[in-house]
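Hi,

Here is the structure I promised to pass on to you. Have a look at it first, and my notes on what turned up follow just below.

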Amino acid sequence: MNKENLIHFEEKVGRNLISMETGLLAKQASGAVVIRLGDTMVLTACTQAKKPRTDPPEFVPLTVEYKERTYAAGKIPGGFFKREGKPREKEILSGRITDRSIRPLFPEYFNTETQVISMVLSSDGVIDPDVLSINSASAALMISDIPFNGPVAGLRIAKLNGEYLINPTYEERKNAEMELVVSGTKEGILMVEGGGKEVPNEELIKAMEVAKKEIDALCDMQIKLAKVCGKPKTTVAKPEIKPEIAEEVKKIEKEVEDLLNSFPEKKAMESRFSAIQEGLIKKFQEMFPQDSTVGYQVKTVMEEVIYNVSRELVLSKKVRADGRKTDEIRPISIIPGYLPRTHGSALFTRGQTQTIATTTLGTQEDQQILDDLEGKTMDRFMLHYNFPSFSTGEVKPDRGPSRREIGHGNLAKRALSYLLPTEEEFPYTIRVVSDILESNGSSSMATVCGGSLSMFDAGVPMKSACAGIAMGLITDKDRYAILSDIAGLEDHFGDMDFKLAGTRKGITAFQMDVKLSTGIPVNVLKEAIEQAARGRNHILSLMEKALPEPRKEVSPFAPKMIKVSIPKDKIGAFIGPGGKNIKALIERTNANIEVNDDGMVFISGTDPDGIKEAQRVVEGYSMEIEVGQIYKGRVVDIKDFGAFVEVLPGKEGLLHISEIETHRIRKVDDVLNIGDEIEVKVVDMDNTGKFKLSRKVLLQNKK
């Protein structure tokens, strides 16, 4: 293997040695870097098209993919098709954290199709490779000819036993009080995502401060790499704006200011801006009929005018486009139990954002199987977020959940999962669905509120109610304003989207994206987190007023479920040869019965009597026969000399013919038949565990 062109750097980050190298793999890409931690290796390659797109840029034409090759962990893909197919949710979410970290650092007007692909080549099953791809993606862009204002670096940090651990292992993450992924530049933090067990504000701030020092070290390693082998960057052509167009469009500044000062509804504001824009485009198309970019020029200047005016109003007057103060929450209405036949539901409306959230309770067989590099696991809590086009008054084809929908659903799931009862306390599988019916900012946080309320309505004994709020930021060099509960316009023209969810005790989930290439200082983030806590408590007060606690009983339409444990050494006897015993019990009681390898038995169904009978039988496997005790048994065999009666599962005793009745009988089957249920008393037991029964003594006592 020729390694003469290999360039290699390494740095200690936290407890681990991380290396980056280039020059050996994927040499035809614009840039390619392999990052390694332990025996986990991720290759990221980036490529840009040969020419920019001809259509004017409306967004960065960037595609980021993250792929986990199962061979990396020595596995063959499960399922019928033995090759990797469409990305799993884990891969989509991992790709999103890289995308959100690097996207703000592409220069303005960048308009060349660019693809960044990360591939997990080796996984030691100790540390999740997802966060490594942030660094290899940035490093690959740094050494490529693609314009990029990096570096950006990222890591995962967890708090465990009072200690902050950089890039914790899978095992450490299971017991962590808090974990988050943080990415940033040398100047500030760009992206945060994570959750915790009702984390105090100061602990989240502390984690970001600890992470920032290690992020700087990872950025320095990328800078060294780029100095050695970085390619000259291609230039980004700034589109020309005709002076006549720029001058004329800027004259609408006063009209925009007056419109925003009138605090218009979203649709009215959009309609007015659209009418102004169409009029200007028509006017200049007539003036410059040969220029096909007139529409883009008008849109660009108009966007700049609205951007500047809307931001200046907030910075100078501390008043927002809808008339709210910077820390004011939009009006909220809550209708719990809105849908009559769901197991739980809630209609949650905040301003022009609305969700109908539902909770469905299922049995253990409804759990989701997750097949990741680190192994197969079962998930008893699912949260699915849907964003139909009518929620924003648009017409779009429905092609299944988008990356955004999967990401928003995962954020809301993280917020609520820390508050769920244990499987021992509440053995149901839980599925929450949030259908967004209207959207004007922060539908993911509405999902948190609606999801919490719908689980309360379903009778899920959560530890606490949970609410979410999205925080925004508008800043220039000297001033800044932190905005609570941001609407769509503030998200579009603002500098930050910081979503925080939690209880009155603390934070359970958070996600932050920053549009500033310099990031945001920690002191400003601290102020935003404290302001968010006040807003969250306000929302929780309204939720508590609508539904103060979980319903005492689950819905009558939900399956009834109980959980019973039996000794592990009794599982075989309980199931029986070929499943004979458990199948017979299911048929007799009409209950669903599932048994785990640890001896946990889940019994569910719609027939209370059947569930009760199944429970009695299962509990019998944990009981021992005692002399003098009375049992309700079932006749399983009849002989000339007596009957054998099963008093506990798998435990049969002899009921001698002389002990069946108070008077003498000629034949056993004159009184008893196989399958009869009778009460008997254990009257004797020998050293081998064999025991004798009597029905006669019970009949005598009744006389």
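**Two loop residues with positive phi**

Ser442 sits in the loop that runs between strand S17 (429-438) and helix H10 (443-457). Please keep in mind throughout that this is a predicted model. The phi angle of Ser442 is near 60°, a positive value in a residue that is not glycine. Is Ser442 buried or exposed? Its relative accessibility is 11%, under the 20% cut-off, so Ser442 counts as buried.

Asn161 also has a positive phi without being glycine, and here the value is near 55°. You will find Asn161 in the loop between S7 and strand S8 (163-166). With a relative accessibility of 70%, over the 50% cut-off, Asn161 counts as exposed.

**A cis peptide bond**

While you are looking at backbone geometry, check the bond from Gly150 to Pro151: the peptide is cis, with omega near 10°. Pro151 belongs to the loop between helix H2 (132-143) and strand S7 (153-160).

**The eight-stranded sheet**

Now to the sheet. Eight strands make up an open sheet with antiparallel pairing, and their order is S8-S7-S9-S10-S21-S20-S18-S19. Which strands stand at the edges? They are S8 and strand S19 (480-484); each has a single partner strand, so one side of each has no neighbour in the sheet. From one strand to the next, the twist averages 15°.

Within this sheet, strand S20 (residues 496-502) and strand S21 (residues 507-514) form an antiparallel pair over seven bridges. In that pair, Met496 stands opposite Val514 of S21.

Helices pack on the sheet as well. H2 touches S7, strand S9 (178-184) and strand S10 (189-199), and its direction makes about 160° with that of S7. H10 packs on the sheet too, touching strand S18 (467-475) and S20, with its direction at about 160° to that of S18.

Several elements each supply at least two lining residues: helix H13 (571-575), helix H14 (580-589), helix H15 (608-620), strand S25 (630-639) and strand S26 (642-648). Which of them gives the most to this lining? That is H14, with five residues. By class, the lining of this pocket has eleven nonpolar, four polar and eight charged residues.

How many cavities of 30 Å³ or more are there? The count comes to one, and the largest cavity has a volume of about 30 Å³. The residues that line this cavity are Leu6, Glu21, Thr22, Gly23, Leu24, Leu25, Ala32, Val33, Val34 and Leu43. Strand S2 (16-22) and strand S3 (31-37) are the elements that give two or more residues to the lining, and S3 gives the most, with three. Sorted by class, the lining of the largest cavity contains seven nonpolar, two polar and one charged residues.

Happy to hear what you make of it.

Best wishes

Technical notes
Residues are numbered from 1 along each chain as its sequence is written. This is a predicted model: local features need pLDDT of at least 70, side-chain atom pairs count only at pLDDT 80 or more; totals for chains, interfaces and linings use all residues. Side-chain values use heavy atoms; hydrogens and water are left out. Helices (H or I, at least four residues) and strands (E, at least two) are DSSP runs, numbered from the N terminus. Ala, Val, Leu, Ile, Met, Phe, Trp, Tyr, Cys and Pro count as nonpolar, Asp, Glu, Lys and Arg as charged, and the others, Gly among them, as polar. Buried means under 20% relative accessible area, exposed over 50%, partly exposed in between (1.4 Å probe, protein chains only). Two strands pair if DSSP finds at least two bridges between them. Axes are lines fitted to C-alpha atoms, for helices over the stretch in contact, and angles run from 0 to 180 degrees between N-to-C directions. Contact means heavy atoms within 4.5 Å. On a 1 Å grid over the protein atoms alone, a cavity is a set of points where a 1.4 Å probe fits but cannot get out, and a pocket is an open set with protein on both sides within 12 Å along at least five of seven lines; lining residues have an atom within 4 Å of a point. Grid points are joined across faces, edges and corners, and a volume is the space filled by probe spheres set on the points.
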